[in-house]
Amino acid sequence: TTIGIASYQNNIQDAIVKPNPFENHFDLDFTAETGAYTIELYNAIGEHVAELFKGDLATGNIHLTFNSIADLKNGIYFLKIQTSSSCRVLKVFQSR
C-alpha cells in the first residue's frame, strides 16, 4: 500500500496582501486562472477564523478587499487561497 500527499501546482505565485500589517481592512491582489476559489483565514494556531470568499473566478488580475472581519484580535494570521489544483498561504498581521 502506498500512501502519499497529493501534489499541487502552485499557480498562485504573485499573490500580494496590502497593507500588511493591516488595521481594519486589507486588499488581496493576484492573477487567477479560471476555476473555483476558496479564500480562508486561520489564526496562528491553525484555527479557522473566517471564510472570506468562495466562488468562481475568471482568468485575469483579481483585486479583492476584505473589510471588518468580526472579532479579529491583533496578531498573526494565515490567508489560504485554494483551488482544485493550487494552494497558497500568506502570512498577514492584524495591528490596531
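**View A. Gln94 and its surroundings in the predicted model.** Leaving aside neighbours within four places in sequence, Gln94 is in contact with Phe22, Glu23, Leu72, Lys73, Asn74, Gly75 and Tyr77, where contact means heavy atoms within 4.5 Å. Gln94 sits in strand β7; strands (E, at least two residues) and helices (H or I, at least four) are DSSP runs, numbered from the N terminus. With a relative accessibility of 4%, Gln94 counts as buried. Buried means under 20% relative accessible area, exposed means over 50%, and partly exposed lies in between (1.4 Å probe, protein chains only). The side chain of Gln94 also reaches the backbone oxygen of Glu23, at 2.9 Å. Such a polar contact is a pair of N or O atoms within 3.5 Å; within protein, one atom must be able to donate a hydrogen and the other to accept it, and residues adjacent in sequence count only if both atoms are side-chain atoms. A word on reading these views: this is a predicted model, in which local features need pLDDT of at least 70 and side-chain atom pairs count only at pLDDT 80 or more, while totals for chains, interfaces and linings use all residues. Residues are numbered from 1 along each chain as its sequence is written, and side-chain values use heavy atoms, with hydrogens and water left out.

**View B. The hairpin of β6 and β7.** Follow the chain from β6 to β7 and you trace a hairpin with 4 residues between the two strands. Strand β6 (residues 75-82) and strand β7 (residues 87-94) run antiparallel and are joined by 8 bridges; strands pair if DSSP finds at least two bridges between them. To find one of these bridges, look for Gln82, whose partner in β7 is Cys87.

**View C. The open sheet of 4 strands.** Here the strand order is β4-β3-β6-β7, with antiparallel pairing. β4 (48-57) and β7 stand at the edges with a single partner strand each, so one side of each has no neighbour in the sheet. From one strand to the next, the twist averages 15 degrees, with axes taken as lines fitted to C-alpha atoms (for helices over the stretch in contact) and angles running from 0 to 180 degrees between N-to-C directions. Strand β3 (residues 35-43) runs antiparallel to β6, and 6 bridges join them. Gln82 turns up again here, as the bridge partner in β6 of Thr38.

View D. Not counting residues up to four places away in sequence, Ile39 touches Leu28, Phe30, Ala50, Glu51, Leu52, Phe53, Leu64, Phe66, Leu79, Lys80 and Ile81. For a sense of scale, Ile39 and Gly55 lie 9.2 Å apart in space, C-alpha to C-alpha, and 16 residues apart in sequence.

**View E. The open sheet of 3 strands.** This sheet has the order β1-β2-β5, again with antiparallel pairing. β1 (16-18) and β5 are the edge strands, each with a single partner strand, so one side of each is left without a neighbour in the sheet. The twist in this sheet averages 20 degrees from one strand to the next. β2 and β5 pair in the antiparallel sense over 8 bridges, and one place to look is Ala32, whose bridge partner in β5 is Gly60.

**View F. Aromatic pairs.** How many aromatic pairs does the model hold? The count comes to 3. Rings of Phe, Tyr and Trp (its six-membered ring) pair if their centres lie within 6.5 Å; planes under 30 degrees apart count as stacked, over 60 as edge-to-face and the rest as tilted. The ring centres of Phe26 and Phe66 are 5.3 Å apart and their planes stand at 50 degrees, so this pair is tilted. Phe26 in strand β2 (residues 25-32) and Phe66 in strand β5 (residues 60-67) are 40 residues apart, so the pair links distant parts of the chain. Both Phe26 and Phe66 are buried. Phe30 and Tyr37 form another tilted pair, with 5.7 Å centre to centre and 40 degrees between the planes. Phe30 counts as buried at 3% relative accessibility, and Tyr37 does too at 5%. Phe22, Phe26 and Phe66 form one aromatic cluster.
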